[in-house]
Structure formats: structure tokens, C-alpha cells
Amino acid sequence: GNPELPTAVNITWSSINFKTILQWQPKPSGYFYTVEIHGQATDTKKKCILTAETECDVTDVLRNVKETYTAHILSVPSSGTDNFEEPPFAVSEKFTPYSQTVLGKPEIQNYTQKGSKLNVVFQDPLTPYTFPNGSFQSIRDIFQDDLEYKLYYWKDQSSGKKAATTKSHEFEVSVDSTKNYCFYIQGVIPSRRENRNGQESMVLCTSIGRTILDDYGAEVFIIAVVIAIAIITLAIVLPVILCKRKNAKAVREKESLNGV
């Protein structure tokens with residue numbers, strides 16, 4: 001072999017919604033890398049042949065998502081190698097897409113708060129894999145009954161969260177009809193030991209006649225009350241003070257005249 005050639009280190013799998021990128025180090029100098037994907041029950045497949053990069057998109061060779069794979073990253077000299085000479089290589093950790101890919105952010109399509117009901121409609125994240133007709137499969141198409149979603153919701157300006165669970169594309173939960181609510185959604189695979197919870201969707205908030213108190217909190221309300229009390233107090237006290245001063249002045253003028 002070529003033991004003098006460096007072999008890959010820090011090999012990692014990065015996978016979201018089954019789009020999977022293999023990454024490693026170091027940057028090659030005077031040689032190239034070739035990636036081989038080995039499955040337990042599938043033929044070895046080569047990707048990113050003679051690349052000078054340190055990452056490789058291996059999504060299309062991991063279509064059997066329940067299979068467990070390892071990657072061999074070969075260090076190949078610039079001059080190439082003959083069929084009798086195996087280049088040095090490094091082996092990755094095992095990777096099973098079905099149990100290790102991260103669930104991406106669900107997309108919230110619509111939400112309404114009517115009376116005491118909060119309704120949220122959302123869409124499954126899509127995968128890079130397609131059906132025979134060319135349409136993309138969603139994570140639900142792959143995980144099926146293993147997939148569920150959680151809705152976390154709370155009163156606006158509050159930190160106390162509640163949660164609801166569904167296996168459909170919609171949530172309907174009971175809320176206080178006089179309060180605005182904020183929420184987000186997260187995919188979950190309960191059967192997993194690791195990576196059970198997916199990425200969180202963006203946080204959205206309802207708006208049912210928002211007031212300055214909703215936007216800025218109780219501090220502004222307290223300050224406004226203090227200012228109002230101060231103004232009222234001043235309006236009452238100031239005329240009394242002026243009146244007393246006027247009366248005192250009149251008394252002094254009368255005393256002065258009597259003295260004359």
C-alpha cells in the first residue's frame with residue numbers, strides 16, 4: 001500500500017431529513033480521496049471519486065434507509081494506483097439513516113385562534129427521495145406510524161408551556177379566549193433511543209386585539225398608572241397651594257395697611 005499517505009480523520013455523518021453528507025479532515029495535498037459506502041446487505045458503492053474536497057453527498061447511495069452503513073475513505077496518490085495496490089483508508093462509525101437522521105423543521109401553513117380554540121395546520125418536511133412519479137417523499141412517507149408531532153404553546157408574555165401531540169397534520173387545543181398565544185411544532189420519533197426530537201419550527205404568536213400591555217408587558221402599565229396618579233395629585237395639590245399663597249399674601253397686605 002501507500003502507508004506514507006495521510007488517511008482521513010474526524011469522519012462525521014451529517015444528516016437532516018435523509019439528506020446525508022459525509023465530512024472528514026485533512027485537506028489533501030498531493031493526493032485525492034475516494035469514498036466507498038459499505039452496507040451490511042448491499043453492494044459497495046463508490047462516491048466522490050478522486051476528489052480534493054473533504055465532504056461528500058452520499059444521499060443517493062443510502063436509499064435503503066434501514067440499512068446500516070460504514071464509509072471507507074481512501075487516500076489515493078495523484079499518480080493513481082494499479083489494481084494490485086490497495087490505497088490506505090480510514091473507516092467511519094456506523095450510520096443507520098432511519099434511526100440517526102435528524103428531523104427537520106415542520107412548516108406551519110396556517111393558524112387561527114377563534115374563541116377558546118387554537119388551530120394549527122402544518123406540513124411534513126420533504127426528503128431528497130422521490131416516488132416513481134417524481135414527487136418527493138416526506139418524512140411521514142418513510143417513518144409512517146413511527147412519526148408524531150408535538151405542539152408547545154404558552155400565553156404570550158408567559159413562560160409556562162403546555163404540550164399536545166398528534167399524528168395528523170393539525171392541532172386543535174383549548175386556550176384562554178382573552179389571551180394571545182405563542183407556539184412552535186417539533187417532530188418526534190418516540191421509538192428512538194437518541195435523536196428522538198427534531199428541529200423546532202419557527203415560533204409564531206396569535207394576535208387577538210393586542211394592546212400596549214401585550215407588547216410591552218406589565219412594567220409599562222405600572223409606569224403609566226404612576227404617571228397618571230402623579231398628574232392627578234398635582235392637579236389637586238397645586239391649586240390648593242396657590243390658593244393658600246394667595247390668601248397668605250392678602251393677609252400680609254391687610255396687616256400692613258392696618259399698621260399704617
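1. Leaving aside neighbours within four places in sequence, Thr166 is in contact (heavy atoms within 4.5 Å) with Phe122, Glu148, Tyr149 and Phe171. This is a predicted model, in which local features need pLDDT of at least 70 and side-chain atom pairs count only at pLDDT 80 or more, while totals for chains, interfaces and linings use all residues. Residues are numbered from 1 along each chain as its sequence is written, and side-chain values use heavy atoms, with hydrogens and water left out.

2. Thr166 is found in strand S13, residues 162-166; helices (H or I, at least four residues) and strands (E, at least two) are DSSP runs, numbered from the N terminus. With a relative accessible area of 13%, Thr166 is buried, a term that means under 20% relative accessible area, where exposed is over 50% and partly exposed lies in between (1.4 Å probe, protein chains only). The side chains of Thr166 and Ser168 are joined by a polar contact of 2.9 Å. A polar contact is a pair of N or O atoms within 3.5 Å; within protein, one must be able to donate a hydrogen and the other to accept it, and residues adjacent in sequence count only if both atoms are side-chain atoms.

3. For the chain as a whole, there are four helices and 17 strands, and buried residues make up 37% of its 260 residues. Among contacts between residues at least 6 apart in sequence, 60% join residues at least 24 apart.

4. Four strands form an open sheet in the order S4-S3-S6-S7, with antiparallel pairing; two strands pair if DSSP finds at least two bridges between them. Strand S4 (45-51) and S7 stand at the edges with a single partner strand each, so one side of each is left without a neighbour in the sheet. Direction ignored, neighbouring strands of this sheet are turned by 15° against each other on average, the axes being lines fitted to C-alpha atoms (for helices over the stretch in contact) and angles running from 0 to 180 degrees between N-to-C directions.

5. Within this sheet, S3 and S6 are paired over nine bridges, and Thr70 in S6 is the bridge partner of His38. S3 is joined to S4 by four bridges, where Lys45 is the bridge partner of Ile37. Three bridges join S6 to S7, residues 89-91, and there Phe89 is the bridge partner of Leu74.

6. Strand S6 (residues 69-77) is largely enclosed by the rest of the structure, because nine of its nine residues are buried. In a regular strand the side chains alternate between the two faces of the sheet. Both faces of S6 are covered, with Tyr69, Ala71, Ile73, Ser75 and Pro77 buried on one side and Thr70, His72, Leu74 and Val76 buried on the other.

7. Glu36, in strand S3 (residues 31-39), deserves a separate comment. Glu36 is buried yet has no salt bridge, the nearest side chain of opposite charge, that of Lys46, being 4.0 Å away. A salt bridge is a side-chain nitrogen of Lys or Arg within 4 Å of a carboxyl oxygen of Asp or Glu; as for charge, Lys and Arg count as positive and Asp and Glu as negative, whereas His and the chain ends are not counted. The side chain of Glu36 does make a polar contact with the side chain of His38, at 3.2 Å. Beyond four places in sequence, the residues in contact with Glu36 include Thr44, Thr70, His72 and Leu74.
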